[in-house]
Amino acid sequence: MTVHTNRRGFLKGAAGLGAALFVGVSPSGVLAASSESTVLNPFVRISEDGVVTVIIKHFEMGQGTTTGLSTLVAEELDADWDSLTVDFAPSDNNRYANLLFGSQGTGGSTAIANSFMQYRQAGAAARDVLVQAAAKRWAVAPSDIHIEKGVMSAGDRKASFGAFIQDAAKLTPKSEPALKDPSAFRLIGKDHIPRKDSASKTNGTATFAMDVTVPGMVYAVVLHAPRFGAVLKSFDSSEAASMPGFIGAKALANKTGVAVYAKSTWAAIKARDVITADWDDSNAETRSSDALIAHHKDLLDTPQHQGRKGSDAKTVEAAVAGASSHVDAEFIFPNLAHAPMEPLNCVIEPTENGVRVHDGCQFPAITHPTIAAILGLKPEQVEIKTVYAGGSFGRRATPTSDYQADAAFAFAALGGKTPVKLVWTREDDIRGGYYRPMAAHRARIGLDEAGRITGWDHRIAAKSILKGTPFEAVLVHDGIDETSVEGVGNSPYDLPNFSVGLSDAESRMPVLWWRAVGHTHNAYAMEVLMDMAAHKAGRDPVEFRLDYLSGGSKDHQRLAGVLKKAAEASGWGQAVPEGKGRGIAVHKSFNSYVAHVVDVSLNDDGAIRIDKVTCAVDCGVPVNPDVIRAQMEGGVGYGLGAVMRNAITLTDGVVDQDNFPDYEPLRMSDMPDVEVHIIPSTEPPTGVGEPGLPPAGPALANAIHDATGRWVTSLPMAENGIEFA
């Protein structure tokens with residue numbers, strides 16, 4: 001496939017369809033309609049043949065954004081779902097900002113959460129101007145206009161949207177167009193609405209960056225340093241000179257690697273195999289994983305920050321020390337790789353005025369200025385064409401735009417005239433990418449004679465994701481990286497004398513938000529500890545948790561709601577047969593509430609098999625139930641696979657793993673049945689991309705304890721005494 005669409009091309013292409021109605025936000029920030037997309041920020045485009053296209057400002061990595069945002073527009077517009085199409089927004093930080101971030105980007109399970117009203121209003125505004133136009137032409141009252149599946153009617157007169165777009169484009173929509181009452185929804189909250197990306201991904205017509213080719217393009221891979229923080233001193237490519245397809249090799253200007261150019265990706269990879277390089281390791285990470293674990297444990301002795309507001313560590317220590325009984329536990333969580341199915345890649349090509357980048361771009365707001373700075377261009381000289389991404393889990397959103405920056409450096413090293421397709425193989429990414437931070441937790445919980453918690457001293461050590469990045473100024477407060485303590489420091493449990501100490505570990509290993517970020521290790525520690533405390537108190541784990549969710553706050557009510565629903569649906573309380581186990585965990589993340597019950601069984605050899613996961617989720621208004629179920633199932637699978645077998649380890653600073661054979665994702669045969677129950681709600685919709693993950697691991701750990709009597713506090717489980725069938 002050859003692709004030439006860019007922002008300007010997108011606009012010209014839209015105009016090339018013939019007359020079109022664009023509805024979105026004007027430069028003054030109010031809803032507007034026009035025949036020119038350049039005068040506003042369009043979310044809806046309707047062509048003269050009546051086809052409705054929704055402009056998607058959040059990229060699609062499989063999480064269902066194209067379906068979710070389209071549902072909102074189609075609902076308010078009463079468009080025909082089957083003929084509605086989608087198009088990704090051009091890179092434009094000002095026009096397509098994520099309303100939470102304030103800049104264009106996708107992440108934090110925010111796409112539906114903060115675009116819910118924006119896209120509904122755009123659909124309602126489009127409907128408003130179409131109705132005004134039709135009413136004037138047909139000389140009827142607007143209230144006499146009926147719309148069903150994109151067909152407008154009044155009495156015996158009927159016409160498609162396209163018949164009115166030229167008139168509608170001249171009108172001004174209401175500043176606050178009337179939105180449907182939820183009782184009138186025909187798409188939002190309804191099941192079995194076909195996803196907008198399923199057909200193209202099934203028949204192979206969906207375009208990913210790996211599909212993109214442009215005339216004159218060369219292929220490139222990069223020889224990176226084996227150790228994090230090393231700097232290139234020199235390299236020798238003489239052995240590659242005679243290899244088929246090899247074009248050349250050049251040092252990247254920032255000395256982080258050597259770009260290897262060839263006529264195909266495979267030729268570039270083979271050439272790279274014989275190129276040697278000398279690296280300056282004087283500032284590189286050279287420790288092994290055991291030394292890093294020891295470093296994290298040492299930090300637990302004297303926390304640097306207090307990660308929970310209102311806590312006083314000395315008061316808590318005294319309360320815990322005076323308790324009748326205690327729970328003591330220490331947890332170790334390894335570094336994890338994101339390991340998306342599609343290797344990282346992008347294409348960069350020269351244009352008349354600058355460059356164009358084809359990318360499954362998660363953070364255009366960062367990639368855009370990064371490319372411009374490397375190439376010495378003005379921001380307006382850089383275009384980013386966003387295409388589908390084959391997974392990400394956060395990996396495509398880095399503070400440095402790392403693989404896109406490599407592409408820009410490789411493009412510049414060739415003189416800035418030759419298009420370059422750069423590929424990070426999965427080995428490149430697993431050996432030298434970004435990682436979920438290693439974390440250590442230590443907790444001491446005091447209980448009184450009645451089994452009630454009297455104090456909880458919780459300490460965490462992890463490398464900060466945000467410090468040293470552009471996000472530090474906004475998201476680090478009083479020295480505390482919220483992503484390090486989220487889910488513990490702000491735990492909704494009503495616990496007395498609860499202290500959370502935090503220390504920042506030091507490492508040259510780059511760390512990043514991995515799906516669900518800090519909630520991944522914090523939920524595991526928190527929910528296993530709650531089970532430990534319940535068992536110490538001789539209490540049922542569900543009833544024990546509910547005791548600390550009885551304060552009546554909205555958090556308490558919604559967490560208790562999913563906890564009770566998951567327990568009820570799973571048959572919690574019924575006797576579990578010999579050789580089987582059942583565990584539960586509940587967690588709030590990204591403003592959604594999820595509880596999982598995991599059922600496991602032991603085979604004759606004592607190996608664990610995960611039989612079933614019963615999930616209850618409260619994510620506010622369920623826009624697309626099918627997508628929500630899919631995200632819960634995906635979160636369960638991704639979370640279980642990680643705690644079962646995954647770890648990135650270092651030997652003398654070099655990553656030991658390099659691909660799926662030694663960084664094994666969850667196998668289809670491992671995947672349990674997942675039964676998802678969605679709590680009905682009228683609350684604003686919240687995220688679903690990440691919240692299904694955090695409680696999966698601790699629910700499994702609690703089920704394993706139920707079956708075997710053993711607590712698993714060091715991960716991955718497979719390397720800490722648990723065998724899986």
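Student: So, two strands pair if DSSP finds at least two bridges between them. And what counts as a helix or a strand here?

Tutor: Both are DSSP runs numbered from the N terminus: helices are H or I with at least four residues, and strands are E with at least two. This is a predicted model, where local features need pLDDT of at least 70, side-chain atom pairs count only at pLDDT 80 or more, and totals for chains, interfaces and linings use all residues. Residues are numbered from 1 along each chain as its sequence is written, and side-chain values use heavy atoms, with hydrogens and water left out.

Student: Got it. How many helices and strands does the protein chain have?

Tutor: There are 18 helices and 32 strands in the protein chain.

Student: And what is its radius of gyration?

Tutor: It's 27 Å, close to the 27 Å that the globule rule gives for 725 residues, so the chain is as compact as a globular protein of that length. That radius is taken over C-alpha atoms, and the rule is 2.2 Å times the number of residues to the power 0.38.

Student: What box do the C-alpha atoms fill?

Tutor: Roughly 80 × 70 × 50 Å, if you take it along the principal axes.

Student: Let's do sheets. In what order do the five strands of the open sheet come?

Tutor: Reading across, you get E2-E1-E3-E4-E5, and the pairing is mixed.

Student: Wait, how do strands of a sheet pair anyway?

Tutor: Through backbone hydrogen bonds, either parallel or antiparallel.

Student: And in which sense do E3 and E4 pair?

Tutor: Antiparallel: strand E3 (residues 41-47) and strand E4 (residues 52-56) share three bridges. If you want a spot to look at, find isoleucine 46, whose bridge partner in E4 is valine 52.

Student: Which strands does helix H2 touch?

Tutor: Helix H2 (residues 65-77) packs on the sheet and touches E3, E4 and E5. Its direction makes about 135° with that of E4. Contact here means heavy atoms within 4.5 Å.

Student: What about helix H3, which strands does it lie across?

Tutor: Helix H3 (residues 111-138) lies across strand E1 (20-25), E2, E3 and E4, and it runs at about 45° to E3. You'll also find H3 lying across E6, E7 and E8, this time running at about 40° to E7.

Student: OK, E6, E7 and E8. What do those three strands form?

Tutor: An open sheet in the order E6-E7-E8, with antiparallel pairing. Its edge strands are strand E6 (146-148) and strand E8 (157-160), each of which pairs on one side only. Neighbouring strands in this sheet are turned by 25° against each other on average, again ignoring direction.

Student: Over how many bridges do E7 and E8 pair?

Tutor: Four, in the antiparallel sense, with strand E7 covering residues 151-154. Alanine 154 stands opposite arginine 157 in E8.

Student: Switching topic: what do E11 and E12 form?

Tutor: They form a hairpin with five residues between them. Strand E11 (residues 246-251) and strand E12 (residues 257-262) pair in the antiparallel sense over five bridges. Alanine 251 has valine 258 in E12 as its bridge partner.

Student: And which residue in the turn has a positive phi?

Tutor: Lysine 255, at about 65°. Serine 109 also has a positive phi, of about 50°, although it is not a glycine.

Student: Where is serine 109?

Tutor: In the loop between E5 and H3.

Student: Last one. Is the peptide bond from leucine 715 to proline 716 cis or trans?

Tutor: That bond is cis, with omega near 5°. To find it, look in the segment after H18, where proline 716 lies.

Technical notes:
Axes fitted to C-alpha atoms, helices over the stretch in contact; angles between N-to-C directions.
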